[in-house]
Amino acid sequence: MPYRGRGASRPAPSRPDPARARAMRPSDGRHFAALDLGTNNCRLLIARPQGQGFAVVDAFSRIVRLGEGLAASGRLSDDAIERTLAALRVCADKLKRRNVALARSVATEACRRASNGEAFIERAYAETGIHLDIITAEEEARLAVLGCHALLEPGEGPALVFDIGGGSTELVLIDTAGPVPRVLDWHSTPWGVVSLTESAGAATGSDHDARVAAYSNMRNVVADSMAPFAARLPIAAARPRLLGTSGTVTTLGSVHLGLSHYDRSAVDGLIVPAAAMRGICAGLSGMAVSERAKLSCIGGERAELVVAGCAILETVMDLWPAERLGIADRGIREGILKRLMGERRP
C-alpha cells in the first residue's frame, strides 16, 4: 500500500513546519525521512534524532535515469517514468514500515525542465502516496550545503561547495566564519552527467583521439555555462577549500583509493589531491565505455556518464584552484533531515 503519512488519507507534508520539528524530542524515537529524486537517481534516507545529529535507520538508492532522453524531447519518457515509479513504490513501502512521523520528498532538474514534470508528480502521488515537491535550483544548492558543509577542511576565507547532479550542477560560495555557513553567492548550470552526455555527446568509438576531443568539447561547454559565476568569484584565500558532493566525486574517490567495491566509510570525508583527481579524469576520458565498465567502482551503470562528471569536476577545479578536494557522500537528503529536525538553514 502507498505511504500516506500518519493517517490513512493524509500525505506526508511537502513543506513541514520547522517549529513542529523542533518540538519533537530526540528521545521520542520518531523517524524522519528525506527523499531526493534527481535526474539520474532516486535516493531515500530514514533517520532518528541522536545527540546533535541523527542515526540512519534505513536507506535506499537506485539509478532510475528519470531524465534519460529529456534533452532531445523536452519530456520524461514513458520508460523513465515507469522505472522511477517502481523505485518510488519501494520507498513508499519503507516509509510505511518505518512508521515515519515527518517526511519531505523533493524532485530536482528533470522535473523542473520536463514539460510533463507536473503530470508525473501528480501520477507519482496517485500511485505511491508520495508527494514530490519540485524545488528550485537555489533551494537544491542550499540543501546540499546544509547536508555536507561539516566535512569542509578548517580554514579561512570563503569555500566552494558543489553538487554534480544528473541534470544540473550547483555551485555555492560560502562563508564558514560562523557556526552556520552563510551563502555568499551561488550558481546553477544546466549541465549534469546525463544532460551533458546527451547534449554534448561523448565519443563512444575506438578512436582515442576522438574521445579526448569530445571530452575537451564537454569541458568547453561547461566552462561557458559557468563563466558568469567565475567572473563574480573573489580571489581565493591562500589555501582555497573545495568540497564536492555527488556520485561523480564519490566514484572518483573510490577509483583513487583502488577499492574493489564502494565503501561509504572510506569515501565520505576523504581528502584527495586535486592533481590526482585530474589524473583520474584524464585517464577515464581516454578510455572506451567498455574499458570504464570493467573498473569495479564504475561498472556498467556509470561507465557512460562518468566522463561528463569528470568534465564538470575539472571545470570546477579550474574555477576554484584548490590543491585538495574534499569528498562528501552526503548532501540534499541530509540537508532535508537537518531542516526537519530543526537545524538552522544556511
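The views below show a predicted model.

**View 1. Overall composition of the predicted model.** The protein contains 15 helices and 11 strands. Of its 346 residues, 53% are buried.

**View 2. The six-stranded open sheet.** The strands follow the order β8-β7-β6-β9-β11-β10, with mixed pairing. At the edges stand β8 (182–189) and β10 (271–273), each of which pairs on one side only. Neighbouring strands in this sheet are turned against each other by 25° on average, direction ignored.

**View 3. Helices α8 and α6 on the six-stranded sheet.** Helix α8, comprising residues 208–232, lies across β6, β7 and β8. The direction of α8 makes about 160° with that of β8. Helix α6 (residues 137–148) lies across β6 (159–164), β7 (169–175), β8, β9 and β11.

**View 4. Strand β9 and its two partners.** Strand β9 (residues 241–245) pairs in the parallel sense with β11 (residues 324–328) over three bridges. Within this pairing, Gly244 is placed opposite Ile327 of β11, and Thr245 has Ala328 as its bridge partner. Strand β6 also pairs with β9 in the parallel sense, over five bridges. There, Ala159 has Arg241 of β9 as its bridge partner.

**View 5. Burial of strand β9.** Five of the five residues of β9 are buried, and the strand is thus mostly covered. Both of its faces are covered. On one side lie Arg241, Leu243 and Thr245, and on the other Leu242 and Gly244, all of them buried.

**View 6. The five-stranded open sheet.** Here the strand order is β3-β2-β1-β4-β5, again with mixed pairing. Each of β3 (53–63) and β5 (132–134) has a single partner strand at the edge of the sheet, so one side of each lacks a neighbour there. From one strand to the next, the twist averages 20°. Strands β1 (residues 31–37) and β2 (residues 41–50) pair in the antiparallel sense, joined by six bridges. In this pair, Phe32 has Ala47 of β2 as its bridge partner.

**View 7. The contact between helices α3 and α5.** The two axes come within 10 Å of each other and cross at roughly 40°. Helix α3 is therefore oblique to α5. The crossing of α3 past α5 is right-handed. From α3, the contact involves Ile81, Glu82, Thr84, Leu85, Leu88, Arg89 and Ala92. From α5, these residues meet Phe120, Arg123, Ala124, Glu127 and Thr128. The residues of this contact divide into six nonpolar, two polar and four charged.

Key: Residues are numbered from 1 along each chain as its sequence is written. This is a predicted model: local features need pLDDT of at least 70, side-chain atom pairs count only at pLDDT 80 or more; totals for chains, interfaces and linings use all residues. Side-chain values use heavy atoms; hydrogens and water are left out. Two strands pair if DSSP finds at least two bridges between them. Helices (H or I, at least four residues) and strands (E, at least two) are DSSP runs, numbered from the N terminus. Axes are lines fitted to C-alpha atoms, for helices over the stretch in contact, and angles run from 0 to 180 degrees between N-to-C directions. Contact means heavy atoms within 4.5 Å. Angles under 35 degrees count as roughly parallel, over 145 as roughly antiparallel, 65 to 115 as roughly perpendicular and the rest as oblique. A crossing is left-handed if the near helix is turned anticlockwise from the far one by less than a right angle, and right-handed if clockwise. Ala, Val, Leu, Ile, Met, Phe, Trp, Tyr, Cys and Pro count as nonpolar, Asp, Glu, Lys and Arg as charged, and the others, Gly among them, as polar. Buried means under 20% relative accessible area, exposed over 50%, partly exposed in between (1.4 Å probe, protein chains only).
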